[in-house]
Amino acid sequence: MTEALTPPGPAAAAPELLRVEALTKHFPVRGGILNRGRVVVHAVDGVDFSVYEGETLSLVGESGCGKTTTGRMIVRLLHPTSGRVLYRGENLAALPSRKLRRIRGDLQLMFQDPHSSLSPRMSVHDIVAEPLRVQGRYRDGGPARVRELLDLVGLARHYENRYAHEFSGGQRQRIGLARALALDPRMLVLDEPVSALDVSIRAQVVNQLRALQRQLGLAFVFISHDLSIVRHVSTRVAVMYLGAIVEIGTRDQIFQSSRHPYTRALLSAVPVPDPTLRDARDRITLGGDVPDPANPPSGCRFRTRCWKAQDICATERPDLRTQPDGHAFACHFPESATFGAVSDTMITTGQQEGR
Amino acid sequence: MKRRKNARAAEAAAPETQAVPLLSIEDLTVDFRTDDGIVHAVDGVSYAVETGEIVGVVGESGSGKSVTAMSVLGLIRQPPGVVRGGRILFHGEDLRAASARRLREIRGNGIAMIFQDPMTALNPVMRVGQQIVEALRMHTDGLSRTAARDRAVELLRMVGVPNPEKRVLQYPHEFSGGMRQRAMIAMAIANGPELLIADEPTTALDVTIQAQVLELLRTAQRETGAATILITHDLGVVAEMADRVVVMYAGRVVEDADVTSLFAQPRHPYTVGLLGSVPRIDSDDILASVPGSPPNMIQLPSGCSFHPRCPLARERCRTEEPVLTDIGGRKSACHFHDELRAADTEHLFAVESR
């Protein structure tokens, strides 16, 4: 189940920056009547992937799929239950704290919510300068570095003495971005970076992120539930469902020839802003809800909502198998590679209650 | 402070159609008093909804799309809100002049609302079935408890809640997000309203659940024949659901057109920018982006509110406020809408090179 996955593909030419191996996070929660009995939520359950220099790997999936937890384990905001996170071959969990602190600058996280992730008591200058101060790098040219960072993300320098609440959502995300870039990271974990923004502002921030990535050669782990945005920013995409990767491949493999039924359903559920396609698209409507991660289905976790499920799906959990072209998917009955072959008619899966 | 005469101008340009529309919002103006000054949330908004029609109202946060809809049912808290002017005609009856009692009659029965967050609409300490029963009995005299309960089960089944007999006895927190949204839709259609107002009904939901709820709204609309105002910031949802689209910006309607024309040939630069900045699941095209941010609603720019962000803007836009004008079966509030008729709108806004 947890054999290391090394997808080649176009990005493989670049050196590997980060490798995640059999990463697992279990949260114990109290459950049941009167909080008796302990339940374990399998938030992330054996995830493997690599991130190469300068690329964008997107983690997509619906709420509860484990994408945010995975991102937080990468930047060490959460400690994995088991598994390893290797940065340039070094296991972050085994590093002494001095060394970890140095590497922390290389791996930065940008938060989703521009309203709660910036301190209201600090000026823009102090917010951006904070990581420099913590790392003891402020004394050496700190103020100039802050102004340089503001330039980089397209914020006027005279904003540096103002407070975060004086800014709009898009500008706040730029402030957060400037702070994330302060220590010259090699890699940014972006957790839903534009989800809280209005449409017209979203495009500005997405374009800005892409420009910065080119300019600085950054690798991104882009966590999002918005598949349309993901299509625009990704080099490769990993689709997650209930704590596991069900499919991973290049952007084109995922968006043009996905093989896992869940990926197909996810793609077909996204509304397209073109009224002329209203009746022309294949549509798969999944029944039911995502099952409870404290009590996931046996075998394949997607089987309770899958229209192709057979007996074997309930008994045997499918491995994530890598194809010669680097495309990997975990399904006993994958879709054929040609797109659109899924459904000439609308598929509606059973209205099973999440079990 | 400036005030617009959008509605009157629009009326002059488009003489009354024979039939009275189901709902007609005319020159509605709503302000909010805040510590920083008066927010002109809705500033002379006019649009109509015909029987059985799905009207998508799109715009970014603060564009006034929700405030307009909340005003229809008298749901604006006053103060801090002040409905300063305009009329809201439902079957020709002005709801602004209606008594509280009359409004209660219309709410639920004539017009029903579906909110973004079902938890704000459902009572957390009351069983779901009981809430539907209450809604039913409020509007139907002499409906027995058992009959209402049976009808509640029936409604939940209709909106696709599994095991409705068991579910009616549960509380809202025992429902998942998608199921709550279904329960709220069941409540909304319980009394067969003629108009449904759905305010961002799927924004808080995951995409596969959103697809379920949109499908359900389509079914509900087909079966009840209710007209629907669908408020959303998601142009994909509008493209899939709406017959007609009203685009709002900074408290005003800037464009009003049937859905196909609007997406094929937008006639207001803001609509062009909005369409260009939306990434599409079926394309790798790069995003055009509208520069700047939406204006401060306390101090709106002079003339056309969009002029500071508009690539077509010139002197006239800074001084003279455009009115929403009929331009042949559709409306636009741009002085230079004609220039967009033949223009290659794809390149109106700067596009980042790949």
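Mentor: Let's start with a term we will need, since helices and strands here are DSSP runs, of at least four residues (H or I) for a helix and at least two (E) for a strand, numbered from the N terminus. Keep in mind as well that this is a predicted model.

Trainee: What about Ala250(B), what is its phi?

Mentor: Ala250(B), also a residue other than glycine, has a positive phi near 50 degrees. Ala250(B) sits in the loop between strand 9 (244–249) and strand 10 of chain B, and it counts as buried, with 23 C-beta neighbours inside 10 Å.

Trainee: You mentioned strand 10, so which place does Asp258(B) have in it?

Mentor: Strand 10 of chain B runs over residues 252–258, and Asp258(B) is part of it. Asp258(B) is partly exposed, with 15 other C-beta atoms within 10 Å.

Trainee: Which residues does Asp258(B) touch?

Mentor: Leaving aside residues up to four places away in sequence, Asp258(B) touches Asp243(B), Arg244(B) and Arg330(B). It is also worth looking at Gly56(B), which is 202 residues from Asp258(B) in sequence, while the C-alpha atoms of the two are 9.7 Å apart in space.

Trainee: Changing topic, what is the peptide bond from Gln78(B) to Pro79(B) like?

Mentor: The bond from Gln78(B) to Pro79(B) is cis, with omega near -10 degrees, and Pro79(B) lies in the loop between helix 2 (65–72) and strand 4 (81–90) of chain B. Pro79(B) and Pro80(B) are joined by a cis peptide bond as well, with omega about 10 degrees, and Pro80(B) is placed in the loop between helix 2 and strand 4 of chain B.

Trainee: Now the helices: how do helix 5 and helix 8 of chain B pack?

Mentor: Helix 5 (residues 128–139) and helix 8 (residues 177–189) of chain B pack at an angle of about 20 degrees, and their axes are 9 Å apart. They are therefore roughly parallel to each other, since angles under 35 degrees count as roughly parallel. The crossing of helix 5 and helix 8 of chain B is right-handed.

Trainee: Which residues make that contact?

Mentor: From helix 5 of chain B come Val128(B), Gln131(B), Ile132(B) and Ala135(B), and from helix 8 of chain B come Ala183(B), Ala186(B) and Met187(B). The residues of this contact divide into six nonpolar, one polar and no charged.

Trainee: Over to the other chain, how many helices and strands are in chain A?

Mentor: Chain A has ten helices and 14 strands, and 50% of its 355 residues count as buried. Among the contacts in chain A with a separation of 6 or more, 68% are between residues 24 or more positions apart.

Trainee: Why is helix 1 of chain A largely enclosed?

Mentor: Helix 1 of chain A (residues 67–74) is largely enclosed by the rest of the structure because eight of its eight residues are buried. Those buried residues include Lys67(A), Arg72(A) and Ile74(A). Helix 1 of chain A is followed by Arg76(A), which has a positive phi near 65 degrees.

Trainee: And what is the mean pLDDT of chain A?

Mentor: The mean pLDDT of chain A is 85, and 89% of its residues reach 70 or more. Over residues 1–11 of chain A pLDDT stays under 50, and the model has 27 contacts for them beyond four places in sequence. Residues 341–346 of chain A also have pLDDT under 50, with ten such contacts.

How values were computed
Residues are numbered from 1 along each chain as its sequence is written. Chains are lettered from A and ligands numbered from 1 in the order in which they are written. This is a predicted model: local features need pLDDT of at least 70, side-chain atom pairs count only at pLDDT 80 or more; totals for chains, interfaces and linings use all residues. A residue is buried if 20 or more other C-beta atoms lie within 10 Å of its own, exposed if 12 or fewer, and partly exposed in between; C-beta atoms are placed from the backbone. Two residues are in contact if their C-beta atoms, placed from the backbone, lie within 7 Å. Axes are lines fitted to C-alpha atoms, for helices over the stretch in contact, and angles run from 0 to 180 degrees between N-to-C directions. Angles under 35 degrees count as roughly parallel, over 145 as roughly antiparallel, 65 to 115 as roughly perpendicular and the rest as oblique. A crossing is left-handed if the near helix is turned anticlockwise from the far one by less than a right angle, and right-handed if clockwise. Ala, Val, Leu, Ile, Met, Phe, Trp, Tyr, Cys and Pro count as nonpolar, Asp, Glu, Lys and Arg as charged, and the others, Gly among them, as polar. pLDDT is the predictor's confidence in each residue, from 0 to 100.
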